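Please examine the sequence and the three-dimensional structure shown here.

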Amino acid sequence: MRALLGMIMLAGLGACSVSKQEPAAADLQWAETSRPLEAQLAERYERSCMVCHGRNGSGAPLAGFAPHWKPRLDKGIDQLVRHASDGFNAMPAMGQCNDCSADDLRALTLFMARSGS
Ligand code: HEC
């Protein structure tokens, strides 16, 4: 009986460590409600990046959700910005923001990865 309980608890712990990769309600809310501070950048963000990165399950790393961004940041920020500019698998070139400058793409990437402005 004791062993069975232990197994159930271990199974529970396993499920817990997996679910940490899943955004909680607060993470989803951050992604839905947060914008870059600067007004023009926020406007560009709303009509491009946010469409995919602002909600979970689109295949895009969720804005502000560290477990989605950490492994990507390990590639280096320059590589991420290059992928934002050139496209990367289902990530469209320029993130569908045709008037975004290279600086904008960098700022937007840093914003979503929450490692900058
Ligand atoms: C049409 C949906 C869509 C839009 C719009 C979009 N993205 Fe993405 N983005 C994706 C998807 C899907 C991925 C994951 C691609 C993969 O890893 O296969 C991604 C991944 C990324 C990555 C990580 C690339 C890497 O090397 O891991 C960055 C950075 C990024 N997007 C930046 C942006 C920025 C900045 C914008 C707005 C200017 C934007 N995205 C708009 C869908 C989108």
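The paragraphs below go from the overall fold to the ligand and then to individual residues.

This is a predicted model, in which local features need pLDDT of at least 70 and side-chain atom pairs count only at pLDDT 80 or more, while totals for chains, interfaces and linings use all residues. Residues are numbered from 1 along each chain as its sequence is written, and side-chain values use heavy atoms, with hydrogens and water left out.

The protein has 7 helices and 0 strands, and its elements run α-α-α-α-α-α-α from the N terminus on. Helices (H or I, at least four residues) and strands (E, at least two) are DSSP runs, numbered from the N terminus. Of the 117 residues of the protein, 31% count as buried. Here, buried means under 20% relative accessible area, exposed means over 50%, and partly exposed lies in between, with a 1.4 Å probe and protein chains only. Contact means heavy atoms within 4.5 Å. Among contacts in the protein with a separation of 6 or more, residues 24 or more positions apart account for 53%.

The ligand comes next. It is surrounded by 26 residues, of which the closest are Cys49, Cys52, His53, His83 and Met91; a residue is near a molecule if one of its heavy atoms lies within 4 Å of it. By class, this shell has 16 nonpolar, 8 polar and 2 charged residues. In this scheme Ala, Val, Leu, Ile, Met, Phe, Trp, Tyr, Cys and Pro count as nonpolar, Asp, Glu, Lys and Arg as charged, and the others, Gly among them, as polar.

The space taken by the ligand is the largest pocket. Helix H4 (49-53), helix H5 (66-73), helix H6 (77-86) and helix H7 (102-113) are the elements that give two or more residues to the shell around the ligand. H7 gives the most, with 4 residues. On a 1 Å grid over the protein atoms alone, a pocket is an open set of points where a 1.4 Å probe fits, with protein on both sides within 12 Å along at least five of seven lines. A molecule sits in a pocket if more than half of its atoms lie within 2 Å of its grid points.

Phe88 is located in the loop between H6 and H7 and counts as partly exposed, because its relative accessibility is 29%.

Two other residues of this loop have positive phi values. Asn89, in the loop between H6 and H7, has a positive phi of about 50 degrees although it is not a glycine. Asn89 counts as exposed, because its relative accessibility is 74%. Gln96, also in the loop between H6 and H7, has a positive phi near 60 degrees and is likewise a residue other than glycine. With a relative accessible area of 55%, Gln96 is exposed.

His53, one of the residues closest to the ligand, lies in helix H4. His53 is buried, because its relative accessible area is 7%. Its side chain reaches the backbone oxygen of Pro61 at 2.8 Å. Beyond its neighbours within four places in sequence, His53 is in contact with Ala31, Ala60, Pro61, Leu62, Ala63, Trp69, Met91 and Met112.

Two further buried residues complete the description. Pro23 is found in the loop between helix H1 (2-19) and helix H2 (25-33) and is buried, with a relative accessible area of 14%. Residues up to four places away in sequence not counted, Pro23 touches Leu28, Asn56, Leu62 and Phe65. Pro23 and Pro67 are 44 residues apart in sequence and 8.6 Å apart in space, C-alpha to C-alpha. Asp104, in helix H7, counts as buried at 13% relative accessibility. Leaving aside neighbours within four places in sequence, Asp104 is in contact with Leu41, Arg44 and Asp99.

Definitions and conventions
On a 1 Å grid over the protein atoms alone, a cavity is a set of points where a 1.4 Å probe fits but cannot get out, and a pocket is an open set with protein on both sides within 12 Å along at least five of seven lines; lining residues have an atom within 4 Å of a point. A polar contact is a pair of N or O atoms within 3.5 Å; within protein, one must be able to donate a hydrogen and the other to accept it, and residues adjacent in sequence count only if both atoms are side-chain atoms.
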